[in-house]
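This report describes a pocket, a helix and a loop residue. The sequence and structure are shown first.

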Amino acid sequence: MYKKKAFLAGTILTASGIRYLYRKCFHRSVRSKAVEESIKLLSHKDELSSQEKFQSFVYEKSQINTQSYKLTRYMMSSVQETSFSNHQLYTLTGNANYDFNILYLHSGGYINQPSFNEWGFIDKLCKDLNAKVYVPLYHLVPTATHEQAYEMVDALYRSLDTTKPTIIMGAGAGGGLAAGFCESLESIMEPDQLILISPWVDVTMSNFDILRYESKDPLLASYGLKQLGQMWAGAKSVYAYKVSPLYGDVSHLKNVTIIAGTNDIFYPDIMKFYHQLVKAHVSTNLIARKAMIHNYPLLPIPEAQEAFQEITEVFNEMKD
């Protein structure tokens, strides 16, 4: 019995040691690497990389996106589905006496609905932060453009309870939409906090540095992203700030938190956006995690838990 216990203890210690050494050497957890490898098998990067595959991908999505969305993930929070300004709206509430309003704009390259993991992240926001979370399913390309999304987000934002601290949060494409929307507001209308996770701030994909990051990103490819950005722009220029907030006026933004991984194809543009905020003297907190991929805070990995703790600290500061 003693030998069995000693063997078991030794095995556990060895596994722990391997995880520790891997993290020290590669600046990431073993689990994050495993999840990334699974993402490579399931992602749409191939469809975003070639013209022929991309056209088939867009056609398939155009059929799916005309249908009503059904939330299939089990949620710990209370979820209410309604219609707002001709868009589906999910409202999550964990406690009737909530502390915060969160307007959450989801990721998906302006063509996909929220992922399974993203809903888990949203659920955690509601439960752990005692927040009421509004998740509008803005209309997607190729049958819609940014203009319909802006009209709906503006109306929803103005309808929120102003007696509660209000946070606008977005991930990926939703981060770009969140940033552009806040640029469109007057300074007196800015949310208490703007939290951007891997935001897509430049749909032109014209930054030469992107080529160095594309091979590291298991999810995204510049060819397809550029096409999606043009669809999202519609009749407007891809350089319009509501489409690419990197080219907008950031001077009246306030209390911005940006979370990004250094293996994200958007990382070069995110850093440009961050430096613009700093230059404009906007209160900005950058959390740049080495070796992490696009939208890593939404994934089931230890680094995501650490990012959530960073987000929690932002919310705690609003209580003080």
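On a 1 Å grid over the protein atoms alone, a pocket is an open set of points where a 1.4 Å probe fits, with protein on both sides within 12 Å along at least five of seven lines, and lining residues have an atom within 4 Å of a point. The model is predicted: local features need pLDDT of at least 70 and side-chain atom pairs pLDDT 80 or more, whereas totals for chains, interfaces and linings use all residues. Residues are numbered from 1 along each chain, and side-chain values use heavy atoms, without hydrogens and water.

The largest pocket has a volume of about 910 Å³, taken as the space filled by probe spheres set on the points. Its lining comprises 37 residues, with H44, N112, Q113, S115 and L219 nearest the centre. The helices below, which are DSSP runs (H or I, at least four residues), each supply at least two lining residues.

| Helix | Residues |
|---|---|
| α2 | 30-42 |
| α3 | 51-64 |
| α4 | 116-129 |
| α8 | 222-233 |

The largest contribution, four residues, comes from α2.

Helix α4 has 14 residues and reaches 20 Å from first to last C-alpha. Just after α4, N130 takes a positive phi of about 50°.

N263 lies in the loop between β7 (256-261) and α9 (267-279). This residue counts as buried because its relative accessibility is 14%. Beyond neighbours within four places in sequence, N263 is in contact (heavy atoms within 4.5 Å) with Y213, K216, D217, A291, M292 and I293.

Technical notes
Expected span 1.5 Å × (residues − 1). Buried < 20%, exposed > 50% of the residue type's maximum accessible area, 1.4 Å probe, protein only.
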